[in-house]
Amino acid sequence: MTIRALIVCLSLAAATPVVAQEETPVDPYVQSNANAGAAPFAGDAVLAAFHGREGVGRIVDDLVDRSIADPRIAEIFKATDLVRLRRTLKEQIAYLLGAPVDYTGRDMRSVHRDQGVNTAEFNALVENLQAAMDKEGVPFRAQNRLLAKLAPMKRDVVVR
């Protein structure tokens with residue numbers, strides 16, 4: 001490819017409008033930070049270990065990408081609104097890590113009621129989260145602090 005052809009290609013790519021993906025509407029529910037399932041960490045040290053909200057965003061995107069490609073749990077995500085999932089997961093984790101953000105998603109029991117998640121699938125998701133945190137360079141101790149905060153939610157996520 002010549003330089004001129006490359007410039008033309010890049011110009012066309014830049015001129016192509018980006019189609020924003022929208023969330024599918026959901027039934028009304030009461031929005032509350034209590035729906036996040038746990039109280040946030042005090043201070044900003046744990047959030048800093050995750051590289052702030054930007055780091056949380058990268059971790060969630062990686063987690064979702066890994067999970068929809070993971071044959072152990074991909075089926076769970078086939079009917080999921082991935083735009084909403086990414087947004088609410090980013091809010092939830094950032095909120096729990098102490099970021100100044102509100103969680104606007106539903107509570108864990110309501111979200112997972114009809115998904116039929118079992119323990120093996122829950123554990124696969126945790127493995128994907130650990131891999132995403134490793135990729136982001138989150139220290140092991142900080143990973144464990146978040147996982148300890150998320151672990152009690154298993155009773156609301158696993159239904160079989």
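**Salt bridges and a buried asparagine in a predicted model**

Visitor: Does Glu23 count as buried, partly exposed or exposed?
Guide: In this predicted model, Glu23 has a relative accessibility of 28%. Buried means under 20% and exposed means over 50%. Because 28% falls in between, Glu23 counts as partly exposed.

Visitor: How many residues apart are Glu23 and Arg84?
Guide: Glu23 is in the loop between α1 and α2, whereas Arg84 is in helix α5. The pair links distant parts of the chain, and the separation is 61 residues.

Visitor: Where do Arg87 and Glu91 lie?
Guide: Arg87 forms a salt bridge with Glu91, with the closest N and O atoms 2.9 Å apart. The two residues are 4 residues apart, about one turn of the helix. Both lie in helix α5.

Visitor: How far apart in sequence are the parts tied together by Arg58 and Glu136?
Guide: The side chains of Arg58 and Glu136 meet in a salt bridge of 2.8 Å, N to O. Arg58 lies in helix α3 and Glu136 in helix α7, so the pair ties together parts separated in sequence by 78 residues.

Visitor: Is Asn128 buried or exposed?
Guide: Asn128 lies in helix α7. Its relative accessible area is 8%, and the limit for a buried residue is under 20%. Asn128 is therefore buried.

Visitor: With the side chain of which residue does the side chain of Asn128 make a polar contact?
Guide: Leaving aside neighbours within four places in sequence, Asn128 is in contact with several residues, including Leu63, Arg66 and Ile73. The polar contact has a distance of 3.2 Å, and the partner is Asp70.

Visitor: How many helices does the protein chain have?
Guide: The protein chain has 0 strands. Read along the sequence, its pattern is α-α-α-α-α-α-α-α-α. The number of helices is 9.

Key. Residues are numbered from 1 along each chain as its sequence is written. This is a predicted model: local features need pLDDT of at least 70, side-chain atom pairs count only at pLDDT 80 or more; totals for chains, interfaces and linings use all residues. Side-chain values use heavy atoms; hydrogens and water are left out. Buried means under 20% relative accessible area, exposed over 50%, partly exposed in between (1.4 Å probe, protein chains only). A polar contact is a pair of N or O atoms within 3.5 Å; within protein, one must be able to donate a hydrogen and the other to accept it, and residues adjacent in sequence count only if both atoms are side-chain atoms. Contact means heavy atoms within 4.5 Å. A salt bridge is a side-chain nitrogen of Lys or Arg within 4 Å of a carboxyl oxygen of Asp or Glu.
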